[in-house]
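Trainee: I am new to this structure and would like to go through it step by step. Could you take my questions in turn?

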Amino acid sequence: MSTVSTAGAVHTTVLPVRWSDQDLNRHVNNARVVTLVEEARLSAIAAWLGEDGVPDPAHPRVVVSLTLDYLRPIDHGPELTARVRVPRVGRSSYTVAYELVQHGQVAARARTVLVQMDPATGRSTPLPDRVRAVLEGVVVPDPDPDPDAAAGPVTVRA
């Protein structure tokens, strides 16, 4: 059973990790982590968009990009929490960012880009006005990078 919270624009949900999600290394299999990200996204979109978030074959929004960084193993048993946010909304697409947290540490970070599609042409089409307005209302931009890190490495000569 998942517990859901939408505090501000960051959606938080507890994801169930099944015994069968483990691989021979006794941690959650990398492919199963993709499914956990999907479950977190569906929970967030339902919370943010309500009926407009229900998948509709006549007006599909499809994942066109997925990046996933595995930072530490995810175990069966301890609670796994997903923090989900929208850092960007475009004309026909939006980006969703995720952090999967276990043992008080980020175990995985992911990003997906979803595009509103026209099923007749297979091409992108503008997001419906209501969907765009709701998503723009929950945008949490990416944090600004560390200005010292952006300057690059520093060479010290003795």
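Mentor: Let us begin with terms: helices (H or I, at least four residues) and strands (E, at least two) are DSSP runs, numbered from the N terminus, and the expected span of a helix is 1.5 Å times one less than its number of residues. This is a predicted model, in which local features need pLDDT of at least 70 and side-chain atom pairs count only at pLDDT 80 or more, while totals for chains, interfaces and linings use all residues. Residues are numbered from 1 along each chain as its sequence is written, and side-chain values use heavy atoms, with hydrogens and water left out.

Trainee: How many Å does helix 1 reach from its first C-alpha to its last?
Mentor: Helix 1 has 20 residues, for which 28 Å is expected at 1.5 Å a residue. The computed reach of helix 1 is close to that figure, at 29 Å.

Trainee: Which residue with a positive phi follows helix 1?
Mentor: The phi of the residue that follows helix 1 is near 60 degrees. That residue is Gly50.

Trainee: Which residues of helix 1 are buried?
Mentor: An α-helix has 3.6 residues a turn, so residues three or four places apart point the same way. In helix 1 the buried residues are Arg32, Val33, Leu36, Val37, Ala40, Arg41, Ser43, Ala44, Ile45, Trp48 and Leu49.

Trainee: Is Arg32 buried or exposed?
Mentor: The side chain of Arg32 meets that of Glu39 in a salt bridge (3.4 Å, N to O), a term for a side-chain nitrogen of Lys or Arg within 4 Å of a carboxyl oxygen of Asp or Glu. Glu39 is partly exposed because its relative accessibility is 28%. Arg32, at 11% relative accessibility, counts as buried.

Trainee: How many residues apart are Asp142 and Arg85?
Mentor: The side chains of Asp142 and Arg85 meet in a salt bridge (2.8 Å, N to O). This pair links distant parts of the chain, with Asp142 in the loop between helix 2 and helix 3 (147-150) and Arg85 in strand 4, and the separation is 57 residues.

Trainee: How many residues apart in sequence are the parts that Arg111 and Asp142 tie together?
Mentor: Arg111 also forms a salt bridge with Asp142, with the closest N and O atoms 3.0 Å apart. Because Arg111 lies in strand 6 and Asp142 in the loop between helix 2 and helix 3, the parts tied together are separated in sequence by 31 residues.

Trainee: How many salt bridges does the structure hold?
Mentor: Salt bridges that share partners join Arg83, Glu99 and Arg109 into one network. For the structure, the number of salt bridges is six.

Note on methods: Buried means under 20% relative accessible area, exposed over 50%, partly exposed in between (1.4 Å probe, protein chains only).
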